[in-house]
Amino acid sequence: MRDLTSIALNLAKLKGASYADIRIVNQKQESLEVKNGSPEQIKYSESLGFGVRVIVDGAWGFASSSRLEKKEIERVTQLAVRIARASATAKIADVVLSPLEPVQANYKTPLVQDPFEVSITQKLDLLLKAEALLRKEQQVKVARGSMTAWKEEKTFASTEGSFIQQQILHCGAGIMATAVQDGDVQVRSYPNSFRGNFASNGYEFIESLQLTENAERVASEAVQLLSADRCLSEVTTVIIDGSQLALQVHESCGHPIELDRVFGTEASYAGTSFLTTDKLGNFKYGSPIVNIVADAITEGGLGTFGFDDEGVLAQRVQIVKDGIFVGYLTSRETAAKLGITSGGAMRADGWNRIPLIRMINVSLEPGDWGLEDMIADTDEGLYLETNKSWSIDEKRLNFQFGTEIAWEIKGGKRGRMLKNPTYTSITPQFWGSCDAIANRNYWKMWGTPNCGKGEPMQVMHTGHGASPARFRDIQVGVMK
Amino acid sequence: MIDTGKTLSLLKKTLDLSAADQTEVLFWANDLHLTRFANNYIHQNVSEKNASLSIRVILGKKIGSASTNLLDPTSIQNTVAKAIQIARNQRDNPHFKSLPSAEGKYASANTFDAETASFTPDQRAKIARKVIEVAKKGHLIASGALSTGVVQVAVVNSLGIQACQSFTRGALRIVSQASDEASGYAESFSAKMRQIDPEEMAHQAAEKCVKGAHPVDIAPGQYTVVLEPYAVGDMLEFLAYLGFGALAMQEGRSFMCGKLGQKITGENITIWDDGTSPQSMPLPFDFEGIPKQPITLLENGIAQAVVYDSYTAGREEGTVSTGHALPAPNTFGPVPLNLFMKNGNSGLGEMIESTERGIYVTRFHYTNPLEPIKAVITGMTRDGTFLIENGQIKNGVRNLRFTQSILEALSNVSLISQDTKLVPGLDDELGGTVVPALKIERFNFTGATAAA
């Protein structure tokens with residue numbers, strides 16, 4: 001690999017680059033999906049290529065190609081330099097990178113069994129068995145099971161002398177029952193909606209999900225939802241399960257702490273952020289029990305790796321401390337503007353994309369409540385579980401989520417099931433109303449493999465640890 | 001860009017490598033360039049060149065798929081072998097009938113522009129500077145993206161399908177921001193970059209931003225709305241996503257289920273898909289190589305039809321593919337990528353003048369479905385939301401959250417503009433949606449953004 005990376009780095013320097021890096025990336029993906037007793041799809045894909053990023057005349061240029069050969073590396077490097085020179089004609093200031101010691105390193109996702117080495121028959125058997133259990137309920141009209149694995153082998157080299165090779169493996173699975181009756185459609189998923197739960201781990205993670213053990217319950221709940229009462233429109237207490245709260249953290253904390261958004265460079269597409277730099281260290285993001293961290297080191301998280309795509313070592317950054325906003329997700333360029341070093345959050349979703357600031361594992365730290373105690377301590381409210389829909393404004397303030405299911409809480413007990421629950425609030429008000437967080441026994445890492453950002457669009461895998469938590473005075477049931 | 005002959009030759013050679021009962025090879029190549037600017041400077045400037053083959057093989061009723069962007073003979077051979085290995089380990093899919101066979105020719109379409117294909121980094125930077133200059137003159141901040149590039153799509157199968165088309169696309173999006181939360185928007189795309197007027201767009205975005213200065217809070221509730229085509233296009237995109245495809249119907253999750261022949265919107269609403277129309281970004285064939293058929297989906301408010309690919313058509317007796325397949329394999333089913341809504345005889349001016357109190361919406365943001373079977377969506381307004389009072393735009397308002405059934409909204413349309421606009425559809429690189437502006441009564445706003 002060094003012979004290939006040095007072609008780009010040497011040529012970039014020769015053409016005037018003050019900095020250059022190259023990533024050579026090979027990605028493999030295997031997806032299986034079964035539906036109503038039949039295999040819906042099995043597909044395997046592979047994509048190999050490289051991307052060269054340069055700073056010339058104080059501005060960025062990036063070019064990429066799928067043809068990993070000497071002449072093409074030379075063409076692409078020269079194109080990246082030409083693009084950077086064009087960028088420099090519309091610059092305000094030179095790009096400055098925060099300092100970084102060069103690194104020679106290797107990293108591999110720790111795992112027991114590579115899912116790509118497990119036979120298709122074995123994987124299909126597991127999915128078909130779980131999916132068949134969903135169909136034991138007659139009103140379940142569509143039963144699905146799915147499983148996906150991704151393997152990424154990447155080499156990073158820079159003109160500063162770093163050379164890093166990583167192999168990162170993600171996988172996961174899930175089941176979903178869709179019940180239909182009299183024009184109503186209700187869905188229940190396990191262990192999470194949108195294809196299940198995912199981790200940086202081996203096939204042992206998929207086996208640990210216990211899909212078959214949970215299939216009948218999930219199907220039964222989907223059918224019960226058809227005849228359940230609709231969630232009322234009211235202001236009440238909500239207890240939100242870990243999987244939904246993981247997405248809540250993702251949308252209302254993970255995105256607004258991306259420092260590129262804060263500096264306005266995503267303004268025309270994803271939007272900006274209410275967490276402007278004047279709020280750092282003094283803004284009350286949540287109640288004093290709210291603590292949020294961003295890390296790339298927690299075992300199993302989809303944001304776990306050895307080094308980010310700028311060659312910065314995986315680390316842990318405090319984001320919210322005792323309710324106060326104290327940290328950002330950063331790159332070398334944005335960190336330099338704050339006079340700090342990068343927190344290592346630059347990630348690209350492939351060889352053909354430039355690294356952007358992306359979430360790593362952005363997690364709500366556990367509290368000290370037992371879930372049963374939390375419910376028993378709640379006179380009136382709702383317990384909300386499993387995401388169904390999400391929407392949030394471009395500053396990440398006004399959000400609205402729908403969940404697959406809710407249960408009424410009355411007199412400290414979980415009661416009747418409710419369908420089509422939604423809740424809406426404003427981010428700091430919402431987190432400010434948090435008065436109970438479940439303890440580490442209920443804390444779990446959830447994988448979000450579909451986070452979109454950037455132009456051209458990049459889909460990133462992010463991790464979010466959370467345990468159930470309680471929030472007071474929340475508007476639920478916005479649809480009358 | 002690879003010429004058509006070379007592409008088809010590569011695909012036919014790939015077909016010859018397969019010993020499966022049936023084989024399909026889909027080729028996708030792109031050479032794309034994008035320049036992003038924000039805070040009045042270029043902050044990101046990228047280029048990508050890629051080409052990949054997706055191979056679908058059939059063994060009896062077993063289907064296997066594999067794709068690669070390694071196009072040397074050994075890698076292609078390995079990918080064909082991988083697809084066959086997957087198919088051998090598959091179970092029968094009882095609903096699968098056959099890959100499509102060649103029936104009829106696809107319409108010729110003018111989708112390639114050499115000037116757009118060869119746009120340089122310097123040309124893109126020059127346009128970015130023009131846009132930034134307009135913003136600076138108005139003491140505003142410009143953000144946006146300018147992209148140019150070429151996509152080539154080709155499909156062959158062992159039953160005689162053979163299709164290849166190259167598409168160019170130039171696109172410019174501008175958000176103009178003021179320091180007091182106000183912003184304005186303009187977006188345009190075309191197969192020909194010269195048909196986009198960056199300066200005119202920059203002025204549109206800036207003018208809207210200035211008009212929305214010092215936005216005020218407004219209480220959520222039911223309002224008359226005037227929606228620009230960007231917002232109308234977003235609603236149509238969700239109709240396509242949620243219910244205009246046959247698989248959504250067959251699985252009972254479409255709002256069209258049991259409603260064919262029935263009125264589901266107002267009589268003034270007609271929606272169709274036409275991948276052959278030069279008014280849109282034509283896609284003369286689908287990803288199975290089937291010629292696109294123009295399909296009326298809603299006529300005068302009556303649900304008429306959904307679109308099919310070969311798989312969903314095979315599940316219904318007497319039905320054929322309408323040419324709306326996505327790349328195989330996919331579990332999403334067929335979708336329309338070239339939607340049209342019939343125009344009316346009004347204009348934005350008349351819509352505003354005839355409104356006593358209402359909200360003017362430029363576009364929606366982060367829209368997502370809440371209750372798919374009722375086509376209920378939620379999202380925010382963005383980049384130009386105004387209060388209309390006594391027939392005039394009064395002032396900008398802070399962004400509002402809406403939660404609204406699209407079908408209900410399209411049942412309450414009181415005015416439709418004569419002018420239409422091409423706005424993005426479900427796919428960022430191919431297709432598009434042609435829509436008018438709408439005036440809609442009793443639109444539900446369910447929340448508002450607080451001051452930052």
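Which side chain meets that of B:Glu48 in a salt bridge? The partner is A:Arg353, at 2.9 Å from N to O, where a salt bridge is a side-chain nitrogen of Lys or Arg within 4 Å of a carboxyl oxygen of Asp or Glu. The model is predicted, so that local features need pLDDT of at least 70 and side-chain atom pairs count only at pLDDT 80 or more, while totals for chains, interfaces and linings use all residues. Residues are numbered from 1 along each chain as its sequence is written, chains are lettered from A and ligands numbered from 1 in the order in which they are written, and side-chain values use heavy atoms, with hydrogens and water left out.

**View 1**
In another salt bridge, the side chains of A:Glu455 and B:Arg36 meet at 3.4 Å, N to O. This pair also crosses between chains, with A:Glu455 in the loop between β22 (444–453) and β23 (458–466) of chain A and B:Arg36 in strand β1 (residues 22–38) of chain B. A:Glu455 is buried at a relative accessible area of 8%, and B:Arg36 is buried at 0%.

The side chains of B:Glu181 and B:Arg398 meet in a salt bridge of 3.2 Å, N to O. Because B:Glu181 lies in the loop between β5 (162–177) and β6 (183–190) of chain B and B:Arg398 in the loop between β14 (392–396) and β15 (400–405) of chain B, the pair ties together parts that are 217 residues apart in sequence. B:Glu181 is partly exposed, with a relative accessible area of 32%, whereas B:Arg398 counts as buried at 16%. A network of salt bridges links A:Glu33, A:Lys35, A:Glu40, A:Arg144, A:Arg195, B:Glu251 and B:Arg253. Over all chains, a search of the whole structure finds 56 salt bridges.

**View 1. The largest nonpolar core.**
A nonpolar core is a set of buried Ala, Val, Leu, Ile, Met, Phe, Trp, Tyr and Cys residues joined through side-chain atoms within 4.5 Å. The largest has 80 residues, of which B:Phe244, B:Ile271 and B:Leu410 touch the most other members. With nine residues, helix α6 (residues 229–243) of chain B gives the most to this core. Domain 1 (4–205) and domain 2 (215–452) of chain B both give residues to the core, so it lies between them; the domain bounds come from an automatic or database domain assignment. Among the residues that B:Ile271 touches are B:Leu236, B:Phe244, B:Leu298, B:Phe340 and B:Leu410, not counting residues up to four places away in sequence, and contact here means heavy atoms within 4.5 Å.

**View 2. Helix α1 of chain B and its buried face.**
Helix α1 (residues 4–16) of chain B has 13 residues and reaches 18 Å from its first C-alpha to its last, close to the 18 Å expected at 1.5 Å a residue, the expected span being 1.5 Å times one less than the number of residues. Its buried residues are B:Thr7, B:Leu8, B:Leu11, B:Thr14 and B:Leu15.

**View 3. Backbone details in loops.**
A cis peptide bond, with omega about -10°, joins A:Glu455 and A:Pro456, and A:Pro456 is found in the loop between β22 and β23 of chain A. A:Asp182, in the loop between β6 (163–181) and β7 (184–190) of chain A, has a positive phi near 50° although it is a residue other than glycine.

Notes: Buried means under 20% relative accessible area, exposed over 50%, partly exposed in between (1.4 Å probe, protein chains only). Helices (H or I, at least four residues) and strands (E, at least two) are DSSP runs, numbered from the N terminus.
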